[in-house]
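Please look over the chain below before reading on. The briefing that comes after it is arranged by topic.

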Amino acid sequence: MKRYLIPATPLAAMLLLTGCMDNNYDLANIDTTSKLNVNGLIVPVNANPLTLDDVMDAEDYTAGTSGKLVKYGTGDSQFYAYIYDGTFESENITIDSFEVVPSRMDDSKVRISLTAPASQAGMRAASSGIAYEIHRTPNVFNYDINNVDESVKSIVKLRTPSVTFSIQLLFPSDIVADASRILVQNLRISFPKELYMADGTPAKVKDNLGVYDPATGILTVSDHELVNGRLDLQLEAQLLTTDTPVVDNTFKYEGEMTVEDGILVLEPKSDTDFPSEFFADSQYDLGQFDVTNFSGNIEYDLDGFDLEDVSMNDLPDFLSGEGTSIVLADPQLYLQMTNPAATYGMSAKTGLSLTPVRNDIDGDVISLDPATPITMGHDNGSGPYNFLVAPDPSKITPLSTYPNPTGYSMPGLSYILAGDGMPQALKVNLDSPAPQAYGYPAEDLPLPTNINKVDGKYTFFAPLTLGAGTEIYYRETKNDWNAEDLKDIHVNEMIVTATATSNIPFDVDLYLDVLDPDGNVIGKGSILVPAGVVTALDIKVLPISGKDEIVNIGGIKYIASCIVKNGSDKPLYPEQSIVLENIRAKLTGYYLYQED
């Protein structure tokens with residue numbers, strides 16, 4: 001009687017395990033000349049545990065490792081994480097100077113009448129002069145500056161080589177002709193407030209015709225005789241003080257230039273009868289000026305450059321399979337930046353967005369809340385300043401390379417890898433943040449200003465703590481079997497039993513496709529390995545629909561499907577495993593003998 005061999009290698013491969021088994025089965029005691037019926041043949045299989053380390057292909061993390069899945073930490077605290085490091089720098093920061101051009105003020109008429117209060121009667125000249133009251137004549141001035149650098153949020157002080165504010169009072173020619181003398185007494189005129197010279201003294205009145213009070217903006221002419229019936233008042237300043245917000249690169253410097261009140265004394269040439277009321281013309285001139293230094297609130301936006309893409313190309317097959325969609329519980333993006341403008345008390349802010357790229361096509365953008373942009377202060381000089389962006393920064397123990405980071409919440413970051421397959425890259429962009437009314441004080445900043453670059457580094461750090469909704473599909477095909485040895489095996493049904501122990505924190509569905517030598521599926525089966533329990537398993541492998549048997553076996557393809565329903569609070573670690581014990585395969589079918 002002859003002996004025939006039935007290879008059992010396919011059984012081990014179907015179980016997704018790299019195992020040790022006996023490949024030869026002695027059929028010498030079965031007597032047949034053409035066909036060997038097999039009904040319930042029990043085949044034992046010895047298999048080694050399948051650990052995550054077998055499929056992750058991750059190396060221990062060392063400083064400088066980037067763009068890889070690594071085993072992070074040491075000893076019992078080691079876990080899987082993806083890490084990517086990069087650097088960046090901006091262009092030089094510039095704040096341009098701006099020219100201040102005023103709007104033209106309208107001329108006005110100043111009413112002058114004989115209704116002077118009795119208390120002012122003593123102010124009349126020693127001669128037979130007639131006292132008139134000068135009535136309040138309001139007028140406004142306006143500088144509309146619309147080319148202010150976008151970093152300027154409000155204006156507090158402007159320094160200039162010189163700017164002048166002028167007013168002329170022109171009295172009627174017939175009054176001038178009939179008067180031998182014209183005087184003004186206690187004339188008060190409003191000019192812009194808080195005007196100073198470079199040394200901090202009040203703005204200078206030309207020819208000392210009056211006294212200017214910066215606190216009130218009032219220029220007072222106590223007693224002055226007019227020449228040719230006109231009064232020319234000019235105020236020179238080198239430092240303007242205001243508190244004006246900048247909106248849409250524009251600020252308005254405005255206020256009143258108003259004739260408030262005063263006394264006009266007319267002395268007639270003869271017995272001329274002056275009218276009881278008349279009007280003088282008032283004309284205004286606002287000076288144009290360049291700003292050489294600036295004090296105010298500044299906040300420059302870091303939106304002139306982007307970070308290099310986070311490459312996701314070097315991932316193990318376990319994470320990069322078709323259909324895989326990863327939801328991360330604690331992904332982290334770290335930023336470290338310098339602030340070269342801190343010398344001037346300037347702070348910076350930026351928005352942040354990430355975009356996954358699949359097949360060179362941008363996916364949905366995930367952004368930081370515009371109302372809470374990343375803000376780099378100036379309290380620590382030029383820095384560096386550290387930041388952490390995560391779904392919940394309060395839960396994170398920061399990386400030691402980014403000590404004491406300021407945290408920003410970005411819940412959407414958990415889904416940056418979710419989708420049909422892993423992204424090939426992540427675009428990281430620094431965006432224009434939400435507009436702010438005020439920034440941070442800067443004192444006497446020269447304009448234009450050219451400041452050094454902002455530079456820094458970043459790290460995308462993603463522990464494999466899988467959130468609910470994660471789907472992982474791991475596929476592998478074993479088709480290098482000796483088809484000649486297997487062609488005579490005809491299987492109608494295969495039932496595999498085993499005891500499974502798993503400490504992986506999610507269920508694993510194993511789908512098995514038996515292939516012919518051409519890669520066509522000829523049999524199918526599946527098995528569920530539950531999470532964290534010891535379970536008796538029973539899997540049935542049957543011919544595909546429309547077929548009565550599995551014949552001409554050439555290999556097997558298996559798919560491990562992991563769908564996380566409840567999420568985990570700990571990352572995956574190398575020692576996690578699936579252990580299958582007491583594996584038995586029961587075959588029903590026949591071995592067809594072809595005798596030469």
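What follows is a briefing on this predicted model, first in outline and then topic by topic.

Residues are numbered from 1 along each chain as its sequence is written. Because the model is predicted, local features need pLDDT of at least 70 and side-chain atom pairs count only at pLDDT 80 or more, while totals for chains, interfaces and linings use all residues, and side-chain values use heavy atoms, with hydrogens and water left out. The protein has five helices and 41 strands, where helices (H or I, at least four residues) and strands (E, at least two) are DSSP runs numbered from the N terminus. Of its 596 residues, 50% count as buried, a class that means under 20% relative accessible area, with exposed meaning over 50% and partly exposed lying in between (1.4 Å probe, protein chains only).

**Confidence and overall contacts**

- The mean pLDDT is 82, and 85% of the residues reach 70 or more; pLDDT is the predictor's confidence in each residue, from 0 to 100.
- Over residues 1-33 the pLDDT stays under 50, and the model has 82 contacts beyond four places in sequence for this stretch, a contact being heavy atoms within 4.5 Å.
- Residues 118-126 also have pLDDT below 50, with nine contacts in the model beyond near neighbours in sequence.
- Where pLDDT is low, the predicted coordinates should not be read in detail.
- Among the contacts in the protein with a separation of 6 or more, 82% come from residues 24 or more positions apart.

- Seven strands form an open sheet of mixed pairing, in the order S4-S5-S6-S33-S24-S29-S30; two strands pair if DSSP finds at least two bridges between them.
- Strand S4 (59-60) and strand S30 (406-409) stand at the edges with a single partner strand each, so one side of each is left without a neighbour in the sheet.
- Strand S6 (residues 79-95) and strand S33 (residues 449-463) run antiparallel and are joined by 13 bridges, and tyrosine 84 stands opposite phenylalanine 460 in S33.
- Glycine 86 lies in strand S6 and is buried, its relative accessible area being 8%.
- Leaving aside neighbours within four places in sequence, glycine 86 is in contact with Glu308, Lys457 and Tyr458.
- The C-alpha atoms of glycine 86 and aspartate 309 are separated by 8.5 Å, although these residues are 223 residues apart along the chain.

**Aromatic rings**

- A search of the whole structure finds 13 aromatic pairs, counted when rings of Phe, Tyr and Trp (its six-membered ring) have centres within 6.5 Å, with planes under 30 degrees apart called stacked, over 60 edge-to-face and the rest tilted.
- Tyrosine 61 and tyrosine 72 form a tilted pair, 5.1 Å centre to centre with 40° between the planes.
- Tyrosine 61 lies in the loop between S4 and strand S5 (68-72) and tyrosine 72 in strand S5, so this pair ties together parts that are 11 residues apart in sequence.
- The rings of tyrosine 72 and phenylalanine 79 also make a tilted pair, because their centres are 5.8 Å apart and their planes are at 45°.
- Tyrosine 61 counts as partly exposed at 28% relative accessibility, whereas phenylalanine 79 counts as buried at 18%.
- Elsewhere, ring pairs link Phe141, Tyr143, Phe165, Tyr253 and Phe289 into a cluster.

**Two buried polar residues**

- Serine 166, placed in strand S11 (residues 152-170), is buried with a relative accessible area of 11%.
- The side chain of serine 166 makes a polar contact with the side chain of glutamine 234 (3.4 Å); the term covers a pair of N or O atoms within 3.5 Å, where within protein one must be able to donate a hydrogen and the other to accept it, and residues adjacent in sequence count only if both atoms are side-chain atoms.
- Not counting residues up to four places away in sequence, serine 166 touches several residues, including Phe191, Leu233, Met257 and Tyr284.
- Histidine 490, in strand S35 (residues 489-502), is buried with a relative accessible area of 11%, and its side chain makes a polar contact with the side chain of glutamate 549 (2.9 Å).

**Strand S31**

- Strand S31 (residues 425-431) is mostly covered, with five of its seven residues buried.
- Strand S25 (residues 347-358) and S31 pair in the antiparallel sense over seven bridges, and the bridge partner of proline 356 in S31 is leucine 426.
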